[in-house]
Amino acid sequence: MASVSGSFRSFVLDQLAELGDVTPKAMFGGVGLYHLDTFFGIIAGDRLYLKVGEGNRADYERAGMQPFK
């Protein structure tokens with residue numbers, strides 16, 4: 001997994017601050033994002049990827065978003 005710069009990590013965490021209780025955890029060079037112990041995203045290579053499920057997959061596809069690989 002591509003490494004994450006400190007400035008991008010800080011930027012993402014600042015943007016997510018309104019959620020409260022977001023915990024970053026190192027993951028294979030990237031950063032896993034948890035809210036109240038629930039994994040919801042990952043930062044890799046200075047890109048933010050959010051967990052997608054059947055309930056919101058169509059929204060992401062309509063927006064032209066690509067899956068994490």
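The model is predicted: local features need pLDDT of at least 70, side-chain atom pairs count only at pLDDT 80 or more, and totals for chains, interfaces and linings use all residues. Residues are numbered from 1 along each chain as its sequence is written, and side-chain values use heavy atoms, with hydrogens and water left out.

**Stop 1: the sheet**

Select residues 22-27 for strand β1, 30-35 for β2, 38-44 for β3 and 47-50 for β4. Strands (E, at least two residues) and helices (H or I, at least four) are DSSP runs, numbered from the N terminus. Together the four strands make an open sheet, ordered β1-β2-β3-β4, with antiparallel pairing. At its edges stand β1 and β4, each with a single partner strand, so one side of each has no neighbour in the sheet. From one strand to the next the twist averages 25° (axes are lines fitted to C-alpha atoms, for helices over the stretch in contact, and angles run from 0 to 180 degrees between N-to-C directions). Two strands count as paired if DSSP finds at least two bridges between them.

**Stop 2: along the strands**

Start with β1 and β2, which run antiparallel and are joined by six bridges. Pick Val-22 and look across to His-35, its bridge partner in β2. These strands form a hairpin with two residues between them, and Phe-28 in the turn has a positive phi of about 50°.

Move on to β2 and β3, an antiparallel pair with five bridges. Here Val-31 stands opposite Ile-43 of β3, and Leu-33 stands opposite Gly-41 of β3. Two residues lie between the strands of this hairpin, where Leu-36 takes a positive phi near 50°.

Next, β3 and β4 pair in the antiparallel sense over four bridges. Select Ala-44 and then its bridge partner in β4, Arg-47. This hairpin too has two residues between its strands, with Gly-45 in the turn at a positive phi of about 60°.

Which strands are largely enclosed by the rest of the structure? One is β2, because five of its six residues are buried. Another is β3, because five of its seven residues are buried. Buried means under 20% relative accessible area, exposed means over 50%, and partly exposed lies in between (1.4 Å probe, protein chains only).

**Stop 3: the nonpolar core**

Select Val-4, Val-12, Leu-16, Val-31, Leu-33, Phe-40 and Ile-43, the seven residues of the largest nonpolar core. The elements giving two or more residues to this core are β2 and β3. A nonpolar core is a set of buried Ala, Val, Leu, Ile, Met, Phe, Trp, Tyr and Cys residues joined through side-chain atoms within 4.5 Å.

**Stop 4: the salt bridges**

A salt bridge has a side-chain nitrogen of Lys or Arg within 4 Å of a carboxyl oxygen of Asp or Glu. Show the side chains of Glu-54 and Arg-57, whose closest N and O atoms are 3.1 Å apart in a salt bridge. Glu-54 is exposed, at 67% relative accessibility, whereas Arg-57 is partly exposed, at 32%.

Then show Asp-59 and Arg-62, whose side chains meet in a salt bridge at 2.4 Å, N to O. These two are three residues apart in helix α2 (residues 57-62), so about one helical turn separates them. Asp-59 is partly exposed, with a relative accessible area of 41%; Arg-62 is exposed, at 64% relative accessibility.

**Stop 5: the largest pocket**

About 490 Å³ of space lies in the largest pocket. It is lined by 17 residues, and the closest to its centre are Tyr-49, Leu-50, Gln-66, Pro-67 and Phe-68. At least two lining residues come from each of β3, β4 and α2, and β4 supplies the largest share, four residues.

A pocket is found on a 1 Å grid over the protein atoms alone: an open set of points where a 1.4 Å probe fits, with protein on both sides within 12 Å along at least five of seven lines, and lining residues have an atom within 4 Å of a point.

Key. Grid points are joined across faces, edges and corners, and a volume is the space filled by probe spheres set on the points.
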